[in-house]
Each structure stands twice: as C-alpha cells, then as structure tokens.
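Try each task before reading its solution.

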Amino acid sequence: MTFKSTLLAATAAVVVAGTAFGISPAAAADFGCRTAKLIVPWGAGGGTDVIFRQFVEAVNEAGAEPELQVVNIGGQGGNKGAKEAAKAKPDGCTLFAIHQSALTSYFTGRIDFTWDKFEPVAMLTRTPSIFGANADVPYQNITEMVAYAKENPGKINAGGTLGSTSQFVYLLLEDAAGIKFNHVSYDGTRQRMTALLAGNIDTGEINLAAAKKYIQTGELKALGITTEERNSEIPDVATLKEQGYDLVYGVDRGVMLPEGTSQEIIDHYAGLFKQAAENPKVVEAMNAKGTYVNYMNPAESETYWSETQAKWSKIAKDVGIYKAKD
C-alpha cells in the first residue's frame, strides 16, 4: 500500500466516525465557488465528452452543491486540459476527467507528470475499444487486416491520438501480430471518425458511444472488439480473442481533483458520483453506448491507477515507446 492510499484509508475512517456523530463530509467541505468546472481534456461531441456530460447531468439533478459544469479544453492529446487541471487551486472548484491517456502520454514523454499529480475521486466507466475502418477497405475483420498488413507493410494508415489510448491499442496489436501501421494523429474521437468516414485513414480506434450509428448503417466497419465476450449491441463483431489475439482492453474513465485537495471535498464528490453511477438512467444510457458503469471509491481508484501504471509501463517498454524520465 502506498503512502497516499494509507492516508486515504486513515482519513476515510475519521470521516466515517465524524458522520456517525452527525458531521457529513459535504457539510465540512468549504467551497469557494457556486459552480465547479469539470475539465474534459477533449473536444465537445466525442466519446469521452458524451459520457462525462451524462454523469454531470445526473450529479446536478441530484442537487449537487456546487453545481458542476463541463468545460472542454482540447489539444495536445488531452495534455493541455491536464496541465490546466494540475495547476488549479485545490479548493473543490476544478475537477479533471481522466482516462489512461494520463499514463500513455507520460510513457511516451509527451508530458512530465501523470495521474499521481491529482487526488483520485472515483472511477466511473469502462469503454471497450473497437478497431474501426473505412467502409471501402478490402478487409472485414482483424484477421484479414493483419494478413493485408503483412502483404502490404506500412500501407495501412491507422488514426489515433499520438501517445494516447487510441494509439496504444494499435501498438498492442502491432506487438501481438508482428505488423506495423502508419500512425496518423488526430486530437480526439470525433476528428478521428471524421477522417475515417472521409477515407483519409484506413482504420482507427472507435467506440459505440460515438460510432454506433455509423456501424449500424455500414458507413464504418467494425473489425473487432476488445472485450472478453461479444457486445449485444453489435453481436456480429467478433472479439480480438476469437480472432486469435489475447487483447482485452478498454478506456477507463474517472474523476480527479488537484493535488492537495482536502479529504472532505474528495469524499463529497465521491458520494455524488457514486449516486450518479447507481442512477438507472445513467446505467441504461451507458449500456446503450457500449460502455459499462464501473464505480470505484477514492481508495480503490488510487489502487487501480497504481496497478495499471505498473502493468502498462512494462508493455510500453516492451513495444519500445517508453520515453518517460523516471
């Protein structure tokens, strides 16, 4: 157990004891704002933005004080928003929407800090990755794409945000299948899907949250999904495991606060997001988008990030992209 997790556990025990005597974390928290902003470090309309807006709406409907507002700060593969959130005051008025790009950007040397620059509040969802493709490519699934890549080295243009999760999943496939893609960077899911639809790239990471209608209409192909079992929304799409590659992967999204935020404020927001995660409307909406609600409290979130960093750093080193200055 790390020092931070030990501190979280100890402080949580104090908070629980205080609550038993009628002192709630929300009452103890001191906010310097009437509206708090949740920085989503990607453009409006993309998969991550859509998911966090659903949670923020549920939090506000539950009577959140201060009320939450999504603020999109795109650019630099999510790092521009991360920098803004990291330097914010730890007063509960700025939160940060995070996923594993905080790790992959650090591994690839694009940013000099990672998740431990923040205080974990909650993990909320997992979105499996789908290998998407333009409708005109000559392959229908991962098996056929790998065969094509071996016959045409470097010819497949793969879209993904440089150093982020959308590129990382292609690096994993390169390592597993012994192939190489020509990586083309786009800043977010929406831009990547636009490029796919226009035929500017051949393949790119997509998800049901943003691409379901294009898959159903045949405007985009879904070559494979990174789940243990097929998704009921797109039952004809085989998993990577079915196609011979032990690649189970997903984008895990959560919420952080700036480093140094009080435990009372952390617990206040953790409780609000737990309520949202248990809201049947949120669960239903997430399932319809191919995303699964997977709530973790602050201590569990800290353990998740610590363990994921250890596992993924090894993968990054194995595929030769690790450039972090440890």
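The model is predicted: local features need pLDDT of at least 70, side-chain atom pairs count only at pLDDT 80 or more, and totals for chains, interfaces and linings use all residues. Residues are numbered from 1 along each chain as its sequence is written, and side-chain values use heavy atoms, with hydrogens and water left out.

**Exercise 1. Describe the largest cavity and its lining.**

Step 1. A cavity is a set of points on a 1 Å grid over the protein atoms alone where a 1.4 Å probe fits but cannot get out; a pocket is an open set with protein on both sides within 12 Å along at least five of seven lines; lining residues have an atom within 4 Å of a point.

Step 2. One cavity of 30 Å³ or more is present. The largest cavity holds about 110 Å³, a volume being the space filled by probe spheres set on the points, which are joined across faces, edges and corners.

Step 3. Its lining has 17 residues, with Asn79, Ala82, Phe96, Ser101 and Ala102 nearest the centre. Two or more lining residues come from each of α4 (79-86), β3 (94-98) and α5 (101-107). Helices (H or I, at least four residues) and strands (E, at least two) are DSSP runs, numbered from the N terminus.

**Exercise 2. Which elements supply at least two residues of the lining of the largest pocket?**

Step 1. The largest pocket has a volume of about 390 Å³. Of its 18 lining residues, Leu172, Val248, Lys311, Trp312 and Ile315 lie nearest its centre.

Step 2. The elements are α7 (165-177), β10 (250-258) and α12 (298-318). The largest share, six residues, belongs to α12.

**Exercise 3. Check the length of α12, then find its buried and exposed sides.**

Step 1. The expected span is 1.5 Å times one less than the number of residues. The 21 residues of α12 should therefore span 30 Å, and the end C-alpha atoms are 30 Å apart, which agrees.

Step 2. Buried means under 20% relative accessible area, exposed over 50%, and partly exposed in between (1.4 Å probe, protein chains only). The buried residues of α12 include Trp305, Thr308, Trp312 and Ala316.

Step 3. Just after α12, Gly320 has a positive phi of about 80°.
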